[in-house]
Amino acid sequence: MSQHNTLVDVKNLHVHFPVFGGVFSKKVASVKAVDGVSFSIGKNETVGMVGESGCGKTTVGRAMINILYHVAPDVEISGNINYRFENSIVDFASLHPKKMQQYRSKVQMIFQDPYASLNPRMTVAQIISEPLQIHKNMSSKDMEDRVAWLLDKVGLRLEQAKRFPHEFSGGQRQRIGIARTLATNPELIICDEPVSALDVSIQAQVINLMMDLQDEFNLSYLFIAHDLSVVEHISDKIIVMYLGNIVEMGDSSEVYHHPRHPYSRSLLSAVPLPDPTRKNKTRVVLQGDIPTPMNKPSGCAFRTRCPIAKPECAGDIPSLVDTGSEHWVACPVVREAN
Amino acid sequence: MADNNNQISLSIFKKRWLKFKTMKRGYYSFVILLWMYGLSFLLPLFINNRALIVNFEDTYYFPAVADLIPGVNAYYAGEEFNQDVPGEAKYRLLKEDWETSDSENWLIMPFYPFSPYEDITTKGNKMYDPPSSTHWLGTDDTGRDVFARLCYAFNISISFALVLTVLNYVIGVSIGGAMGYFGGIFDLFFQRILEIWSSLPMLFVVIIMSSILKPSFLLLIFIYTLVNWIMLTYLMRAEFYREKTKDYVSAALSMGQTNSKIIFKHILPNSLVPVITYFPFSVVGGIMALVGLDYLGFGLPPPTPSWGQMLGVGLQNITKWWMVFSPVTAEFLTLLSIVFIGEAVREAFDPKVYSRLR
Ligand SMILES: Nc1ncnc2c1ncn2[C@@H]1O[C@H](COP(=O)(O)OP(=O)(O)OP(=O)(O)O)[C@@H](O)[C@H]1O
Ligand code: SF4
Ligand SMILES: [Mg+2]
C-alpha cells in the first residue's frame, strides 16, 4: 500500500486503563488493553482484526474514534492515530475531544451488540436522522428523503421508519446501525464484531450488504471479529492480536492459508469449517487461560500457552518483523526456524 | 412472519401506559385520586362558611369565589350587610335572619356551610359535637368541623407530598445525573457530601430546625428536601452511570452529539424507569412525613388543617371516636390508593414483560 493511499496510520498505540486502589485512591496498576500496536488502513481497504475475547480489539476501535475518555476519563493513551483527510493530517490520539467535532462525521463505528446500540426510545427515522441534524444543514423534507434513501440502501422498507428498535430482529437492527453510520458519508467505518450476535444465515446477508456498500461509497473498514473465516472472506489484510499486541499481520489469504505465529495457527485450527487446503495440518489446542492484561507475562505475552516456547521467550518483547512480502510476524523462534 | 404494515407502532411509554390501564385497581385509584385532588382545589366552593353568592341591596358579592383567587379580598365585615356582629359577616346567621324576616336580600351558602377554621368563638359551634346531619363527622376540641378539616387536609397533604417529591426529583436528577455522567472529581466530591449528609440524624435536625424557625408549608418542604434528596441522587447517579456506557450513547458521541443532547435526549429518557416506579412510594413517604411532624407538633402551624394534628388531638380524646376514626380512615384510604397506583406502575414498568426492550 503506497503512502499516498493511506487513510489512517496507527503508530505505536498504547491504551492503558489505570486501576486505583488503597485509601488515597492511588494508581496501583494498569490494564494494558492495547500495548504498542501499529498498522495502517488504506483508502477503500478492509482490514480484518481477530483475536480472543479481551485482547483489546474493541479498545483499538474506540481509540480510533476517540471516545474512550467518555467511559474511562482516566485512560492513558499514547502513540499516534494519524488520519489523512483531504490534505490535512489529524492525530486522533492527541486531539482534544472538543476539537473532534468537524472530523466526527468521517469515522463511524458499528457496534457489537445490536440491542444496545440503538436508543430504545427513538424511532428508526429519528435514529438515522440524528447524525444528519448534527452534520448536515438540511430542510426537514430533504432529511426525510435522505432517511428514505438510506433505508433503501440497507434493505429496509420506508414504512418501517416510524417503528421503534424493539420491533426489529437483530439483523434488521444491525442494518439500522449501518444506515446511521452511512448518513454522514464517512470514510472509515469501524465494524466491531457487527455480525457476532446474529444467526449464521443472517450474518452472510449483512456481510454481503457491507461489501456492496463498500464498493458503492468507497468505504474503508476495520473489521473486528473472532471468526477468521468471516474475516478472510471480507478483508484485504488481517491483523491477529493477542493481549494488546499484534502477533501477526499480512495479506488476508497469506495469513489465512500460511499462518506462521503459533497463536494464529491455534486460532486457525480452531475454525470449525472443514477447509481442504488445511486438511493435513495438525490441530493445535491451546493450554491454559489467557493471562490478564493487568499482569502480562514478561517477554512474549503468549509464552505461557505457546506449544513451542523457549526459555529466551521470557526475555525481550518480540517485535513485529516482516518475513517478506508484507507478512509480519512477532515470533523470533518461528522466523529462525525458516 | 406476517406482514404487519398496518400495525401501529407504539413507543415504550405508550405500551406501558396501556399496560397500566389494564391494571384496574391501580388505574381506578389513579383516576379517582386525580379527580379528587383536582376538585380539592375548588373546596372553598363546596365547603366554606362564606356564602357563594350574596345579593344585598341589589349588589352581588361572591365571598367564597374570592377565596379561590389569591390576592382578591374575600373578607366582608358584618356591617357591610347590616349585620350586628364583630368582625367578619356570619353568613349562616345572615341567611337565617333574612329568611325569617322576609328580606329582599338573599344569599346562597356552599353545599357544606362550615369552614375548617371556625371554632367555638363562632356562635352555635360546640366542642366535641358527635357526628350528626349538620356536622357529618362531628366537631373537635375547639369546635371546628372535622369533615371540613379532613377535606382541606387532603389537599394540603397531597400538595405537600407532590411538591416535596417533585423538588427532590429535580435535585436528584440534576445532581445525581451529573455525578453519573461526568464522573471524576465532581462525582467524588458529591459522594463524600452524600455520605456525610446521610450520617446526620435527620429526624433531630428536622425537629430542631422546625422548633427554631417558624414552620410553614415552604419551610417544611425545604427541610424535608434536605433529608430526602440523597436517596434519589444515588438512584439517578447509578442509572446515569450504567446508561452512559451503553453503545447507543457511544454512537451518539461518535457522531459528535453535544453533552446536553446526550443527557436529555438519550440518557434521561432511558433512566427514568426506576424513578417513575419510585414516584408513588415517594408521595406516600411525603404524606407520612407530614403526618408524623404534625402529630409531634413540629409541622404546619395551627390552625392549618392537617391529618397529623387531628390524629394527635384525637388520641388525646380517645373516647370521642370520630376524632380518631376520621383522620385515620382518610389517611389509610389515601395511602392505600397511592400504593395501588404504585403497584400498578411497577407492574407496567416491569422490564421482564418487555425484556427485549432493555
Ligand atoms: N473502561 C475500561 N476500564 C478498564 N478496563 C477496560 C476498560 N475497557 C476495556 N478494558 C479492558 O481492556 C481489555 C480489552 O478489552 P476489549 O473490550 O478491547 O476486548 P475485545 O478484544 O474487544 O474483547 P471481546 O472480543 O470480548 O469484545 C479487557 O481486559 C478489558 O477488561
Ligand atoms: S516468541 Fe516464543 S513464546 Fe512467543 S510465540 Fe514465539 S515461540 Fe511462542
Ligand atoms: Mg469487543
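Contact here means heavy atoms within 4.5 Å, and by that criterion 37 residues of chain A are in contact with 31 residues of chain B. This is a predicted model, in which local features need pLDDT of at least 70 and side-chain atom pairs count only at pLDDT 80 or more, while totals for chains, interfaces and linings use all residues. Residues are numbered from 1 along each chain as its sequence is written, chains are lettered from A and ligands numbered from 1 in the order written, and side-chain values use heavy atoms, with hydrogens and water left out.

Taking buried area as the accessible area (1.4 Å probe) that two parts lose on being put together, summed over both, chain A and chain B bury about 3000 Å², 50% of it on carbon and sulfur atoms. On the side of chain A, the most area is lost by His70(A), Arg121(A) and His166(A), together 25% of what that side buries.

Between the chains there is one salt bridge, a term for a side-chain nitrogen of Lys or Arg within 4 Å of a carboxyl oxygen of Asp or Glu; it joins the side chains of Arg62(A) and Asp247(B) at 2.8 Å, N to O.

The largest pocket has a lining of 37 residues, and Asn48(B), Asn49(B), Arg50(B), Ser115(B) and Pro116(B) lie nearest its centre. A pocket is an open set of points on a 1 Å grid over the protein atoms alone, where a 1.4 Å probe fits, with protein on both sides within 12 Å along at least five of seven lines; lining residues have an atom within 4 Å of a point.
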